[in-house]
Amino acid sequence: MNSYGKKCIFIGIESDYKSFKEEYSINIELYKTDNSLEMLNAINSCELFVGNSSFCAALSIGIGKKSYIELNEVNNYLFFNDYTKYFL
């Protein structure tokens with residue numbers, strides 16, 4: 001995030017965005033949308049996806065985007081392919 005922070009956007013709900021900013025002390029732009037097609041287009045326009053195991057992650061994996069997915073205690077689903085990596 002230190003290297004790419006200014007080139008990143010946060011896609012998701014506002015409460016998760018606030019938690020992310022507090023936890024990581026980084027200020028990136030929130031991409032506001034309630035529309036899954038807009039989310040998909042935003043993810044598709046990016047070089048890569050970094051996020052938690054979420055709906056946005058499922059979209060990213062589904063379109064074959066290079067993805068780095070944080071595993072968590074609740075929503076873990078694993079897709080094994082050559083473009084998805086997982087981290088804790």
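**Briefing on loop, strand and pocket residues**

S25 is found in the loop between α1 and β2 (29-31); helices (H or I, at least four residues) and strands (E, at least two) are DSSP runs, numbered from the N terminus. The structure is a predicted model, in which local features need pLDDT of at least 70 and side-chain atom pairs count only at pLDDT 80 or more, whereas totals for chains, interfaces and linings use all residues. Residues are numbered from 1 along each chain as its sequence is written, and side-chain values use heavy atoms, with hydrogens and water left out.

- The phi angle of S25 is near 50°, which is a positive value in a residue other than glycine.
- With a relative accessible area of 67%, S25 is exposed (over 50%; buried is under 20% and partly exposed is in between, with a 1.4 Å probe and protein chains only).

**The largest pocket**

- The largest pocket holds about 1,200 Å³ of space (the volume filled by probe spheres set on grid points, which are joined across faces, edges and corners).
- Its lining is made up of 29 residues, of which I9, F10, F20, V50 and G51 are the closest to the centre of the pocket.
- A pocket is an open set of points on a 1 Å grid over the protein atoms alone where a 1.4 Å probe fits, with protein on both sides within 12 Å along at least five of seven lines; lining residues have an atom within 4 Å of a point.
- At least two lining residues of the largest pocket come from each of β1 (9-11), α1 (14-24), α2 (36-44), β3 and α3 (55-62).
- Helix α1 provides the largest share of this lining, with five residues.
- By residue type, the lining of the largest pocket comprises 19 nonpolar, five polar and five charged residues (Ala, Val, Leu, Ile, Met, Phe, Trp, Tyr, Cys and Pro are nonpolar, Asp, Glu, Lys and Arg charged, the others, Gly among them, polar).

**Strand β3**

- V50, one of the residues closest to the centre of the largest pocket, belongs to strand β3, which covers residues 49-52.
- N52 also has its place in strand β3.
- The relative accessible area of N52 is 35%, so N52 is classed as partly exposed.
- Between the C-alpha atoms of N52 and Y68 there are 8.3 Å, and the two residues are 16 residues apart along the chain.

- Helix α2 contains N41, which is partly exposed at 46% relative accessibility.
- N41 and L59 are 18 residues apart along the chain, and their C-alpha atoms are separated by 9.8 Å.
- F87 belongs to strand β5, residues 84-87.
- Because its relative accessibility is 34%, F87 counts as partly exposed.
- A distance of 25 Å separates the C-alpha atoms of F87 and N41, which lie 46 residues apart along the chain.
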